[in-house]
Amino acid sequence: MPRPLPLYGLMAEFDTPDQLLAAVKQARADGYRRLDAYTPMPVSGMGEALGTNTTPVAWAALAGGVFGGGGGLFMEWYANVVSYPLNIGGRPEAAWPAFVLPAFELTVLGATIFAALAMLALNRLPRLNHPVFEAPRFSAAEVDRFFLCIEAADPHFRPERTRAFLEACGAVSVSEVPG
Amino acid sequence: MAEGKSLPADLSDRGVTAQIAGAVLHPPGSGWAWLAVLGASGLLVAMLLVSIFWLFFKGVGVWGINIPVNWGIAISNTVWWIGIGHAGTFISAVLLVTGQHWRNSLNRFAEAMTLLAATCAAMYPVLHLGRPFYFYWVIPYPNVMHVWPQFRSPLEWDMFAFFTYLTVSLIFWYVGMIPDMAALRDTATGRRRQVVYGLMALGWRGSAAHWARWRRAYVIVAAIAVPLVVSVHSGVALLFAVGPIPGWHSTIFPPYFVLGAVFSGFAVVVMLAIVLRAVFGFRDLITDRHMDLLGQWLLATGLMTSYGYVMDAFTAWYSAEPFERGTLLDRVAGPYALSYWSAVVLNFVPLQLLWLPRLRRTMPVMFAVALAVTLGMWFERYMLVESALSRDFLPSSWGPYVPSLWEWMLFFGLVGFFLFAFTLFVRFLPAVPIAEVKEVLHEEREE
């Protein structure tokens with residue numbers, strides 16, 4: 001007898017983002033914690049309903065801005081005042097007004113790079129394979145279908161009960177995602 | 001949005017994907033027209049390479065620049081190109097931060113335009129160097145000579161501005177495109193396309209947690225791209241405003257240049273939008289309402305630019321400074337009158353048609369006005385840069401400037417490069433953002 005495949009979770013398909021959002025809220029209220037929704041476009045309120053914390057992205061951007069701007073200003077001062085001071089046009093060695101624009105550009109550069117990298121790192125991307133891609137009809141998640149996956153790793157997960165719960169939420173179909 | 005919806009009510013999510021991804025995966029019509037455009041612009045790219053080769057081989061003396069006018073159309077074109085780029089970031093970032101959802105149909109190709117125009121602009125500062133192979137000396141790095149670039153020059157600032165602008169635009173464009181790459185990966189049928197778009201999508205799966213962080217990062221980058229746009233073109237304006245030359249040394253230049261930049265950029269966006277609508281049939285996505293709003297923006301930024309013209313002339317007269325007044329006279333009635341009045345007429349006369357809502361929705365009129373503005377802004381940059389240099393403080397150092405054939409070849413070669421790369425872009429990447437258009441669609445449906 002073949003061993004049963006390990007289960008990643010149950011994937012429910014919904015017609016509209018509103019039904020999905022209601023199902024996510026209901027699942028969270030019922031005590032499910034390891035779940036994720038998959039949508040073709042950002043749905044406002046979905047991240048909050050799932051309890052996603054996006055603040056680290058903002059902190060990363062701030063850190064990148066401080067690093068870029070502070071580092072840039074320090075570099076300009078060090079180069080023109082400490083490392084090799086030169087009299088150029090009779091202007092002061094520490095020409096702060098002139099240092100502003102490069103430092104500002106480096107602030108923007110640092111904040112952008114840090115924000116983008118933090119977004120990818122927190123999302124664990126790039127990751128080209130993922131169990132949810134094996135769910136039937138999942139490719140429609142990038143077109144016009146809305147999915148909710150409750151993972152088998154959730155302590156609250158029971159195959160029959162969870163399936164019944166998802167169907168009660170109005171799912172068009174519920175399918176198993178092999179792990 | 002009280003003034004109406006930007007997308008038709010009968011448009012479906014599936015229809016949006018089919019239209020945008022279809023333009024990439026199953027391009028309409030035969031491939032001949034596309035190949036013809038690619039080939040024609042490819043010839044211009046070849047001309048660009050020839051003119052760069054000759055420039056590097058013989059030196060900058062092959063250009064028409066001389067000792068009073070040592071910044072020729074190389075520099076005025078830099079300003080023109082980078083200015084065109086600014087509307088892309090303006091649409092992407094400023095309109096995102098201010099919650100203008102109609103931007104969602106326009107931002108992708110506007111960002112592509114930014115990236116390409118900024119690339120064209122960024123070539124000139126290296127090409128016009130007498131010794132371009134030492135261009136890396138403007139980049140600060142610890143070296144065995146113990147020398148640093150000096151940070152008091154706007155040319156040095158512009159290295160930072162251009163480098164940052166290109167990098168940030170690229171990141172913003174790519175981050176915005178990750179979800180659309182996933183949509184292309186999942187709708188493509190050929191294996192090769194699935195692999196290529198799959199790699200570019202980085203494994204995006206539309207997870208709500210991912211969307212939340214994506215949105216946060218996207219908005220943060222947009223919010224800092226707003227001051228970036230202003231600073232980049234202000235930095236470009238400071239190339240002139242920081243110098244002592246009459247006709248350049250003006251405090252109005254930074255905002256005046258930024259507004260002119262957004263003005264010319266919107267004009268190019270209008271032309272590209274009209275072409276995309278016609279070629280790909282994107283009338284459901286880039287609707288008449290989008291064109292109407294673009295026309296309003298063009299009119300608004302144009303009127304602000306015209307205010308800059310008036311104030312620039314007024315302060316020159318009001319300064320009672322003979323050299324400032326002399327430069328103004330050169331522009332209005334002297335050897336540069338042709339470029340001055342070309343700029344005034346092309347920029348502001350056809351523009352007045354856009355007061356009429358009906359004409360803002362008439363594509364031939366919009367295209368003609370946008371083309372006039374694009375040319376007019378070219379004349380403006382030319383007039384501002386060259387007229388000030390050719391006749392300034394010492395009459396013994398007055399001299400004319402006539403761009404040489406090599407300068408024109410380089411310029412038209414860059415226009416070809418822009419068209420070549422943009423033609424490739426619309427063929428292989430989604431010209432309109434798929435996910436963001438659907439977001440607007442759902443929002444408008446709920447209202």
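Reply: **Where the chains meet**

B:Arg14 and A:Asp144 join their side chains in a salt bridge, N to O at 3.1 Å. B:Arg14 sits in helix 1 of chain B, and A:Asp144 in the loop between helix 4 (96-122) and strand 3 of chain A, so this pair joins two chains. A salt bridge here is a side-chain nitrogen of Lys or Arg within 4 Å of a carboxyl oxygen of Asp or Glu. Helices (H or I, at least four residues) and strands (E, at least two) are DSSP runs, numbered from the N terminus.

The model is predicted: local features need pLDDT of at least 70, side-chain atom pairs need 80 or more, and totals for chains, interfaces and linings use all residues. Residues count from 1 along each chain as written, chains are lettered from A and ligands numbered from 1 in written order, and side-chain values use heavy atoms, without hydrogens or water.

Now widen the view. Over all chains there are 16 salt bridges. Across the interface of chain B and chain A there are 2. That interface also has 23 residue pairs in polar contact, both at pLDDT 80 or more. (A polar contact is a pair of N or O atoms within 3.5 Å; within protein, one must be able to donate a hydrogen and the other to accept it, and residues adjacent in sequence count only if both atoms are side-chain atoms.)

Which helices does chain B bring? Helix 1 (13-25), helix 5 (154-187), helix 6 (191-201), helix 7 (208-241) and helix 15 (434-446) each supply at least two residues to its side. Helix 7 of chain B gives the most, 19 residues.

In contact (heavy atoms within 4.5 Å) are 59 residues of chain B and 63 residues of chain A. The two chains bury about 5300 Å² between them, and carbon and sulfur atoms give 69% of that. Buried area is the accessible area (1.4 Å probe) lost on putting the two parts together, summed over both. In chain B, the residues that lose the most area to chain A are B:Arg152, B:Arg205 and B:Arg213, together 18% of what that side buries.

Back to strand 3 of chain A. The strand covers residues 146-151 and pairs with strand 1 (residues 7-14) of chain A in the antiparallel sense, over 6 bridges. Pairing takes at least two DSSP bridges. One link is A:Met11, whose bridge partner in strand 3 is A:Cys149. In chain A, 4 strands form an open, antiparallel sheet in the order 2-3-1-4. Its edges are strand 2 (35-38) and strand 4 (173-178), each pairing on one side only.
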